[in-house]
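Please read them with the coordinates open.

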Amino acid sequence: GALTPVAIMDPVFVAGTTVQHATLHNMDEIERLGLKIGDTVILEKAGDIIPKVVKILPKLRSGHEKIIHAPAHCPACRAKVERTAGEVAIVCANKDCPAKHHERLIHFVSRKAFDIDGLGEKIIKQLMDMGLISASADIFKLTKSDLIDLERFADKSAENLIAAINKAREISLPRFIFALGIKHVGEETAVDLAEEFGTLKKIREAAFE
């Protein structure tokens, strides 16, 4: 549910590829850089992969640059956004935000979670738009006939996706915990929880202490 600001730039060649977008992480980073809309910036690739704005060039400003304001509403559902004290992220306050559901499902099927080959971002969006899935469990109720109506799907591609879904029905406990997308529970914490408790039942029954 975090709203991540992204810089959209004139295309520029950086470290082997043409770049037009770069993450700005959060509003604190924008303020730290002193960044405005219309600025000229210096880019580098973090780890030679992810484009990052590292500096602005104020001497090249024309005077027409605009201050960047934090959004007051979620761009997906228009609900109010909030910021928890001590945290940098601005998040959508609506637990039923469609963008949140979409991102949860993408995380659920990702390589380090259920790893369902062929179930990508665009297909998940199509399935949601058609009302075929709204929660992660719905993925395992899909049939070949559900998939045939999807854009660019034929018999074979539908069969392959159903086979991938069926293959993912059994999963290790750490991967399952990670797939749930619980706040602050990454891969390592998921492993720690699985090793400490051993079963999902014991995790669910564990007291706060």
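1. The salt bridges come to a count of twelve, taking as the rule a side-chain nitrogen of Lys or Arg within 4 Å of a carboxyl oxygen of Asp or Glu. Please keep in mind throughout that this is a predicted model, in which side-chain atom pairs count only at pLDDT 80 or more.

2. Within helix α1, which spans residues 27–33, glutamate 29 and arginine 32 are three residues apart, or about one turn of the helix. Their side chains form a salt bridge in which the closest N and O atoms are 2.9 Å apart.

3. On each side the residue is partly exposed, glutamate 187 having a relative accessibility of 40% and lysine 112 a relative accessible area of 37%.

4. In helix α8 (residues 200–205), glutamate 205 and lysine 201 are four residues apart and therefore separated by about one helical turn. Their side chains meet in a salt bridge, at 2.8 Å from N to O. Glutamate 205 is exposed, with a relative accessible area of 53%, and lysine 201 is exposed too, its relative accessible area being 56%.

5. Beyond these pairs, there is also a network of salt bridges, and it links Lys144, Asp155 and Glu159.

6. Which residues gather in a patch of negative charge on the surface? They are Glu188, Asp192, Glu195 and Glu196. Of these, glutamate 195 has its place in helix α7, which runs over residues 187–197. With a relative accessibility of 63%, glutamate 195 counts as exposed, because the threshold for that class is over 50%.

7. Arginine 78 has a positive phi of about 70 degrees although it is not a glycine, and its position is in the loop between β6 (66–67) and β7 (81–82). Arginine 78 is exposed, with a relative accessible area of 53%. Arginine 152, likewise not a glycine, has a positive phi of about 65 degrees, and is found in the loop between α4 (144–148) and α5 (155–167). At 71% relative accessibility, arginine 152 counts as exposed.

8. How far apart are the C-alpha atoms of proline 5 and alanine 22? The separation is 8.9 Å, for two residues that are 17 residues apart along the chain. Proline 5 sits in the segment before β1 (6–14), and it counts as buried because its relative accessibility of 19% falls under the 20% limit for that class.

9. A further pair of C-alpha positions concerns isoleucine 42 and isoleucine 56, which are 6.2 Å apart in space and 14 residues apart in sequence. Isoleucine 42 has its place in strand β4, made up of residues 41–46. With a relative accessibility of 35%, isoleucine 42 counts as partly exposed.

Notes
Residues numbered from 1 in each chain as written. Heavy atoms only, no water. Patch = residues over 30% accessible without salt bridge, like charges linked within 9 Å, V, L, I, M, F, W, Y side chains within 5 Å. Areas by Shrake-Rupley, 256 points an atom, 1.4 Å probe, with all protein chains shown as cover. Lys, Arg positive; Asp, Glu negative; His and termini not counted. Charge placed at Lys NZ, Arg CZ, Asp CG, Glu CD. Helix = DSSP H or I, 4+ residues; strand = E, 2+ residues; numbered from the N terminus. Buried < 20%, exposed > 50% of the residue type's maximum accessible area, 1.4 Å probe, protein only.
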